[in-house]
Structures are given as structure tokens and as C-alpha cells.
Amino acid sequence: MAVCVAVIGKDNSPKYIRCADESLALQFHCKVHTSIDIIEEKLNIGNKTAIDIRDLYLGLLYATEEYKIYGYATNTKIKFIIVLQSSNISLRDNDVKMIFKKLHAAYSNAVCNPFYIPGDEINSKSFDVSIMEIMGII
């Protein structure tokens, strides 16, 4: 399904980035970092109504010929970014929302670990397994 999944902290530092093809990891890191500016624009609540503020799903951030990049932001300003292949036209917006909800649940389980230090990178085997399931590797 997804070719890259990233978790970005509230200070815009990467907390977790996993790519399906590690040889293209640098390319995906660049795509993830360029999408942070678009997320910040969408999170600017100066123009939003009260209904839009509650929606955590940011939708399609941008698309290239090869990839579509989607975003999701939590109430605590943690950002999730998923990169999907453009050729995968079978996924609808509701499917992408469900992927983000699974990712958010996996993230919540990882940071609720009493040994996790808030603000650190995520190094959890169970989180890795959840991400690989989301990416379709397992």
C-alpha cells in the first residue's frame, strides 16, 4: 500500500521514517520534509471554521507523477505523512483516513510505553510491525 510512512514531531523534527525500499530513503526523506510546509499552511487556523478545526485528516498534500503524499495532524501537533504510489487508484479518501487512524492508534500505543521518553525518536518493535502491516510488507 504505502511506500513511505513518517511521524513528525511538533517541532517539525522526524520521529520515525520507514520506507518500503531503503535504497530510495533519501528521496522520500526529501518529499516528507517538503510536505511539512504544506501541513503548516493547512494547520494555520486563521481561515478555518470551527468544523474544520476538528478534522485531523489534512487530505492530499501534493501529488507528483509517481507519488501522492497525504497528511494527518493530531491535536498535539504530531504530524503523520504517508506516501502512496500514484498508480494505486483503488484507494479512496476513506481508505486513506482508515490508514491514518491505524497509524494514530499504533503511535498512541508506542508513546504510552512507560519507557518511552517524550520527544525522542520512536524505537519500538511493535510500532515497526504495525507500520509494516500498514505498508503491506507483512
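This is a predicted model: local features need pLDDT of at least 70, side-chain atom pairs count only at pLDDT 80 or more; totals for chains, interfaces and linings use all residues.
What span should the 19 residues of helix α3 have at 1.5 Å a residue, and how far apart are its end C-alpha atoms?

1. **Length of α3.** Helix α3 comprises residues 93–111. At 1.5 Å a residue, its 19 residues should span 27 Å, and the end C-alpha atoms are 27 Å apart, which agrees. The expected value rests on 1.5 Å times one less than the number of residues.

2. **Buried side of α3.** The buried residues of this helix are V96, I99, F100, L103, A106, Y107 and A110. They cover an arc of only 125° around the axis, which places them on the same side of α3. The cover over these buried residues includes the strands β1 (2–8), β3 (57–63), β4 and β5, together with helix α4 (125–135).

3. **Opposite face of α3.** The face turned away from the buried side carries N94, K101, K102 and N109, which are exposed.

4. Residue T74 is located in the loop that runs between β4 (67–73) and β5 (79–85). T74 has a relative accessible area of 8% and is therefore buried, the limit being under 20%. Its side chain makes a polar contact of 3.0 Å with the side chain of T76. Leaving aside residues up to four places away in sequence, T74 touches L56, F80 and H104.

5. **Salt bridge D128–R18.** The model has two salt bridges. In one of them, the side chains of D128 and R18 meet at 3.5 Å, N to O. D128 belongs to helix α4 and R18 to strand β2 (residues 14–19), so this pair ties together parts that are 110 residues apart in sequence. R18 is partly exposed, with a relative accessible area of 21%.

6. **Salt bridge K79–E40.** K79 also forms a salt bridge, with E40 as its partner; the closest N and O atoms are 3.6 Å apart. Because K79 lies in strand β5 and E40 in helix α1 (residues 25–43), the pair ties together parts that are 39 residues apart in sequence. How accessible is K79, buried or exposed? At a relative accessible area of 1%, K79 is buried. E40, at 34% relative accessibility, counts as partly exposed.

How values were computed
Residues are numbered from 1 along each chain as its sequence is written. Side-chain values use heavy atoms; hydrogens and water are left out. Helices (H or I, at least four residues) and strands (E, at least two) are DSSP runs, numbered from the N terminus. Buried means under 20% relative accessible area, exposed over 50%, partly exposed in between (1.4 Å probe, protein chains only). A polar contact is a pair of N or O atoms within 3.5 Å; within protein, one must be able to donate a hydrogen and the other to accept it, and residues adjacent in sequence count only if both atoms are side-chain atoms. Contact means heavy atoms within 4.5 Å. The arc is that of the directions from the helix axis to the C-beta atoms. A salt bridge is a side-chain nitrogen of Lys or Arg within 4 Å of a carboxyl oxygen of Asp or Glu.
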